[in-house]
Amino acid sequence: MKKLIITTMIAATFASSFVSAASLNETQEQQLIEINELLRANPSVIGNLHESLGKYTEGLAQLENVKAQSHDWLYNNPDHSITGNPNGKSVIINFTDYNCPYCKKLDVVLTQLAEENSDLKIVNIYLSFKQQIISGLDTNSAMYALNVWKNDPESFEEVNRLLVAKGGIHNKQSLEAVARKTKTEQWLKTGDEQNAIMAQNYQVFTAMGLRGTPGMLVGDQLIPGFVPYEKLKDIVDEEFAK
């Protein structure tokens with residue numbers, strides 16, 4: 001048990017601040033000294049730690065490769081809805097699902113950040129894990145949102161707000177209610193174009209190593225899961241101040 005705890009602690013330390021020697025700050029220098037002392041006192045953990053760090057660096061390399069190959073799909077794709085400034089230079093990629101409660105909570109946080117930062121652009125990459133097609137409608141919430149964004153962008157903000165506001169999983173009644181209220185009933189009819197976008201979204205999402213929504217790319221950081229406002233604001237301020 002002691003061996004596992006020490007290995008986990010050291011791996012977590014590296015994962016949270018994996019930087020080159022040239023960019024180490026005073027705190028990181030001290031952390032390296034302490035890690036070295038821990039390893040010398042517990043040499044049996046070195047093998048497992050070496051393997052863990054190897055996997056971690058492989059994951060970083062894979063992520064950078066996927067980001068490079070999918071850059072235009074993620075950052076310069078008119079099919080993805082935008083929250084905030086469409087021309088903003090501080091960009092967050094938001095992998096989200098309208099049927100995910102934590103995604104809905106994060107949407108509120110991201111909207112607040114965008115309102116406070118005029119240079120913030122949030123690109124929403126839609127996924128739908130719990131519901132591919134809604135019974136009685138040949139669509140789902142994500143494909144409906146994509147269709148509204150493309151064909152009726154002036155209605156999108158209110159459609160998105162209502163989709164996010166509903167607790168639980170969307171159904172035929174909830175989507176039709178949103179469409180009636182926003183006069184976007186015609187965009188409930190989706191097809192091959194929206195299916196193709198969703199398929200590519202899923203492919204990029206999994207290639208990045210993400211397994212659940214929400215997930216974000218904030219500058220160079222890949223952040224899985226929900227992050228509360230204060231913590232995310234600090235991350236955003238630090239990342240885009242570089």
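1. Three charged residues, two nonpolar residues and one polar residue make up the lining of the second largest cavity. The model under review is predicted.

2. Two elements give two or more residues to the lining of the second largest cavity: helix H6 (141-151) and helix H9 (192-207). Of the elements involved, H9 provides the largest share, with three residues.

3. H9 comprises 16 residues and spans 23 Å from its first C-alpha to its last, close to the 22 Å expected at 1.5 Å a residue. The residue Gly 209, which follows H9, has a positive phi, near 90°.

4. Which residues of H9 are buried? They are Gln 194, Ile 197, Met 198, Asn 201, Val 204 and Phe 205. These residues lie on the same side of H9 because they cover an arc of only 130° around the axis.

5. In total, the structure holds two cavities of 30 Å³ or more. The largest cavity contains about 50 Å³ of space. Its lining consists of Thr 96, Asp 97, Tyr 98, Cys 103, Lys 104, Asp 107, Asn 124, Tyr 126, Asn 160 and Val 164.

6. Where does the lining of the largest cavity come from, in terms of elements giving two or more residues? The contributors at that level are helix H5 (101-116), strand E3 (120-126) and helix H7 (153-165). H5 gives the most, with three residues.

7. By class, four nonpolar residues line the largest cavity, together with three polar and three charged ones. For the second largest cavity, the corresponding division is two nonpolar, one polar and three charged.

8. A further point concerns Asp 237, a residue of helix H10 (residues 229-239). Is Asp 237 buried, partly exposed or exposed? Its relative accessible area is 39%, so Asp 237 is partly exposed; the class lies between the cut-offs of under 20% for buried and over 50% for exposed.

9. Asp 237 may also be considered together with Asn 117. The two residues are separated by 120 residues in sequence, whereas their C-alpha atoms are 9.8 Å apart in space.

Notes:
Residues are numbered from 1 along each chain as its sequence is written. This is a predicted model: local features need pLDDT of at least 70, side-chain atom pairs count only at pLDDT 80 or more; totals for chains, interfaces and linings use all residues. Side-chain values use heavy atoms; hydrogens and water are left out. On a 1 Å grid over the protein atoms alone, a cavity is a set of points where a 1.4 Å probe fits but cannot get out, and a pocket is an open set with protein on both sides within 12 Å along at least five of seven lines; lining residues have an atom within 4 Å of a point. Grid points are joined across faces, edges and corners, and a volume is the space filled by probe spheres set on the points. Helices (H or I, at least four residues) and strands (E, at least two) are DSSP runs, numbered from the N terminus. Ala, Val, Leu, Ile, Met, Phe, Trp, Tyr, Cys and Pro count as nonpolar, Asp, Glu, Lys and Arg as charged, and the others, Gly among them, as polar. The expected span of a helix is 1.5 Å times one less than its number of residues. Buried means under 20% relative accessible area, exposed over 50%, partly exposed in between (1.4 Å probe, protein chains only). The arc is that of the directions from the helix axis to the C-beta atoms.
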